[in-house]
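Subject: Structure handover

Dear colleague,

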Amino acid sequence: MYTTDFETVKRKDEQYIEPTYARFPVGIASGNGATLTDFSGKEYIDFTSGIGVNIFGMNDGAWKEAVIAQVNKVQHACNLYYTQPQTELAELLCQKSGAKKVCFSNSGAEANECAVKAARKYNADKYGEGKRYEILVLNGSFHGRTLATLSATAQPAFHRYFSPFVEGFPSFDPNFESFLAAVTEKTGAVMMELVQGESGVNLLDFGFVRQVEKYCKAHDILFIVDEVQTGNGRTGRMYAYQQFGIQPDIVTTAKGLGGGLPIGACLFFDKTEFVFHCGDHGSTFGGNPVCCAGAASIVKRLDEELFAAVTRKGWHIYTEMNKLSKVSKVSGMGMMIGIKTDKLARQVAERCIEKGLLVLTAHDKVRLLPPLNITDTELEKGLKILREVIEE
Ligand code: PLP
């Protein structure tokens with residue numbers, strides 16, 4: 001039976017769900033914008049947006065309307081038939097990014113799987129199967145939890161227990177010399193996050209990224225950007241790559257795209273437009289009409305006005321945190337921010353909960369991913385708590 005008693009929910013969770021998460025002691029019952037309410041009625045300012053998913057917060061009217069309208073028409077049609085929300089969303093994504101084609105999936109990891117397959121196919125078609133199958137990845141990267149994306153995740157902590165991993169993901173450090181040393185005749189692609197989220201919100205050096213992109217263009221090596229976390233307005237542009245003045249061949253995205261429903265997308269630009277043919281890729285749920293209708297209502301609102309607000313609010317957080325004596329580093333871009341304090345990040349997050357604020361952690365940093373439309377009042381309320389906790 002459904003219950004809103006926190007202890008009962010926690011007990012059932014412990015009894016029936018594999019303990020793969022170090023959950024915080026909060027049950028989310030409802031919310032409005034960037035204010036969430038737990039089972040006891042206590043309110044929290046939300047600086048997490050469900051790890052970058054609810055980019056227009058809770059109870060977003062336009063998204064709810066689009067989702068409910070689609071539920072009342074068609075909740076699912078397999079990919080053997082045409083549906084309107086899927087084509088509308090694909091068109092919007094292409095218009096906003098300059099991409100030529102889209103492949104839909106259900107998550108970030110699956111969007112990356114799609115990119116990996118596409119890179120292998122592009123190279124197999126052009127250079128012969130098994131010749132240029134390697135995809136270079138950055139040390140500290142995070143690309144997902146499936147076996148191939150875990151193999152592409154160059155962090156030793158993720159590489160326990162699950163061997164053998166998928167072959168073909170050599171890693172390099174974020175400098176051009178290390179990149180050059182990793183390139184071989186087997187290199188067919190490079191994949192990177194431009195702001196590494198999970199490993200501590202590390203913004204890559206613009207010059208380094210441009211050098212790699214230039215080298216890739218000159219050597220027909222595909223340049224793949226993982227925008228699962230950085231995409232959909234998070235950094236103050238539609239995609240982070242637009243801040244770097246580069247043009248990837250493939251971009252993957254998910255999280256904020258669906259506004260709360262599971263969807264991922266792999267975007268193909270000029271070079272990769274025709275890489276897949278019938279039967280090369282597929283997914284039962286990928287491009288589900290309800291998810292696509294919700295996502296279209298999100299993507300339509302990702303405009304210059306929103307990007308300017310994200311840049312302003314992100315900069316405000318950045319400068320306010322930098323003022324604190326117990327903060328040694330603030331990193332990131334737009335409203336994707338990492339804060340290194342002299343306390344353990346988990347300790348900061350736990351203390352914030354007591355005071356009514358939800359924050360994330362990433363490696364040794366406190367990580368903030370607030371809803372992009374957080375009001376200035378909510379933002380100030382959250383920052384006040386965070387300041388108090390860091391300075392305690
Ligand atoms: N890529 C990046 C950069 C991510 O941050 C994540 C998730 O945190 C993923 C891929 C995996 O996405 P998902 O959890 O939707 O599979």
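Predicted model: local features only at pLDDT ≥ 70, side-chain atom pairs only at ≥ 80, totals over all residues.

The ligand is surrounded by 13 residues, and the closest are Gly 108, Ala 109, Asp 226, Gln 229 and Lys 255. Sorted by class, this shell is made up of three nonpolar, six polar and four charged residues, and helix H5, which covers residues 108-127, gives the most to it, with three residues. As for individual atoms, a side-chain N or O atom of Asp 226 lies 2.7 Å from a nitrogen atom of the ligand, while a side-chain N or O atom of Lys 255 lies 3.3 Å from an oxygen atom of the ligand, and a polar side-chain atom of Glu 198 is 3.4 Å from a ligand oxygen atom. The ligand taken alone exposes 390 Å², of which the protein buries 81%.

Arg 367 is found in strand S17, residues 365-368, and counts as buried because its relative accessible area is 2%, which is under 20%. A polar atom of the Arg 367 side chain also lies 3.3 Å from the backbone oxygen of Thr 361. Beyond four places in sequence, the residues that Arg 367 touches include Phe 47, Ile 51, Gln 229 and Ile 337.

Turning to the nonpolar cores, the largest has 86 residues, and those with the most contacts inside it are Leu 89, Leu 93, Met 192, Leu 194, Ile 339 and Leu 386. Helix H10, residues 289-299, gives the most to this core, with seven residues. A second, separate core has 20 residues, among them Ala 118, Met 191, Leu 222 and Ile 224. Leu 386, with sequence neighbours up to four places away left out, touches Met 321, Ile 339, Val 348, Cys 352, Leu 357, Val 359 and Leu 368.

Finally, Met 58 is found in the loop between helix H2 (49-52) and helix H3 (61-71). Apart from neighbours within four places in sequence, Met 58 is in contact with Ile 28, Gly 31, Asn 32, Gly 33 and Leu 36.

With best wishes

Conventions. Residues numbered from 1 in each chain as written. Heavy atoms only, no water. Near = heavy atom within 4 Å. Polar contact = N/O pair within 3.5 Å; in protein donor to acceptor, adjacent residues only side chain to side chain. Areas by Shrake-Rupley, 256 points an atom, 1.4 Å probe, with all protein chains shown as cover. Helix = DSSP H or I, 4+ residues; strand = E, 2+ residues; numbered from the N terminus. Nonpolar A, V, L, I, M, F, W, Y, C, P; charged D, E, K, R; others polar. Core = buried A, V, L, I, M, F, W, Y, C linked by side-chain atoms within 4.5 Å. Buried < 20%, exposed > 50% of the residue type's maximum accessible area, 1.4 Å probe, protein only. Contact = heavy atoms within 4.5 Å.
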